[in-house]
Amino acid sequence: MAAAEAAGRWWRWRRGRLGREARASLAAFLLGASVAALPLALGSPPALLAAPGLRGRLALALHVAAVNAALLLLYPRPLYKIAIRAAFLGFAFGCGLLLSAGRSAWRHFGWYMCSLSLFHYSEYLVTAINNPRSLSLDSFLLNHSFEYNLAALSSWVEFTLEKLLLPEMKQITWLSTVGLLMVIFGDCLRKAAMLTAGSNFNHIVQNEKSDTHTLVTSGVYGWFRHPSYVGWFYWSIGTQVLLCNPICMVGYTLASWRFFRERVEEEEITLIHFFGEEYLEYKRKVPSGLPFIRGVKVEL
């Protein structure tokens, strides 16, 4: 009885933390992910997307149409913009689950779809919980940058071409499993950093210090100065290990390293300006967490 009451209090507290944007996005994500239940409704094999046939394609099209119609009826335009993006990510997650089922040649790509869609949706949801004042459609990170989208497209092209030309190369399960573990570790570390930082976390480097801005040095920030970047770095490389993409694995490693080296230096200039000697002392004690990246050099 006490446990049930505690669970009820936790749920009421959590519901209070979730604003209408977060609730709409969560409902839409789950609605989109319900595509994974189509095999049960059709009496088809779980690996529906591997060989959908006319019946399967029709079911997928009807599901998309029904979800979109439901969102249009349920939400006014501002919330609909949020919900349709969350539903799209949920649909991608559900399709990933379908591809992951059985022994399909696209099984590992299904793992990738689940990882990618969950990463982008959880960015929005955690921001909605932690720092709703900074929440926007950009919090999904779907339009992060042209370079980011180009990198994703390149990985899909490489996977498809190598799957057609060298199919056995995409069936190295132990390597894909290593990549999946890297993805899980990286995403969990990043979300732990976001939750630990609370309202101090923002997707955009801040140039002005707010009244509530504090230097966070506890939790995962006691391990690394930039745990969210460390998580994203290993997550991005892990996606290519998962896909067994040798070209993009090298490309992602070099591009991510260069991006985070510049980002860390830019952010640390701001942090030194905000916190002065307090941050310099923290910088001396705690590593950045990124290989061969020490951060901005300070002349003594």
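**Close-up views of a predicted model**

**View 1. Surroundings of A22.** Leaving aside residues up to four places away in sequence, A22 touches Y121, L125 and A128, where contact means heavy atoms within 4.5 Å. A22 has its place in helix 2 (residues 20-33), helices being DSSP runs of H or I with at least four residues, numbered from the N terminus. With a relative accessible area of 1%, A22 is buried, that is, under 20% relative accessible area with a 1.4 Å probe and protein chains only. The C-alpha atoms of A22 and T127 are separated by 9.1 Å, although these residues are 105 residues apart along the chain. This is a predicted model, in which local features need pLDDT of at least 70 and side-chain atom pairs count only at pLDDT 80 or more, while totals for chains, interfaces and linings use all residues. Residues are numbered from 1 along each chain as its sequence is written, and side-chain values use heavy atoms, with hydrogens and water left out.

**View 2. Packing of helix 5 and helix 6.** Helix 5 (residues 77-100) packs against helix 6 (residues 107-130) at an angle of about 155°, with their axes 7 Å apart. Helix 5 is therefore roughly antiparallel to helix 6, a term for angles over 145 degrees, taken from 0 to 180 degrees between N-to-C directions of axes fitted to C-alpha atoms over the stretch in contact.

**View 3. Surroundings of S176.** S176, found in helix 8 (residues 173-197), counts as buried at 0% relative accessibility. A polar atom of the S176 side chain lies 2.7 Å from the backbone oxygen of L242. Not counting residues up to four places away in sequence, S176 touches H108, W111, V241, L242 and C244.

Methods. Helices (H or I, at least four residues) and strands (E, at least two) are DSSP runs, numbered from the N terminus. Buried means under 20% relative accessible area, exposed over 50%, partly exposed in between (1.4 Å probe, protein chains only). Angles under 35 degrees count as roughly parallel, over 145 as roughly antiparallel, 65 to 115 as roughly perpendicular and the rest as oblique. A polar contact is a pair of N or O atoms within 3.5 Å; within protein, one must be able to donate a hydrogen and the other to accept it, and residues adjacent in sequence count only if both atoms are side-chain atoms.
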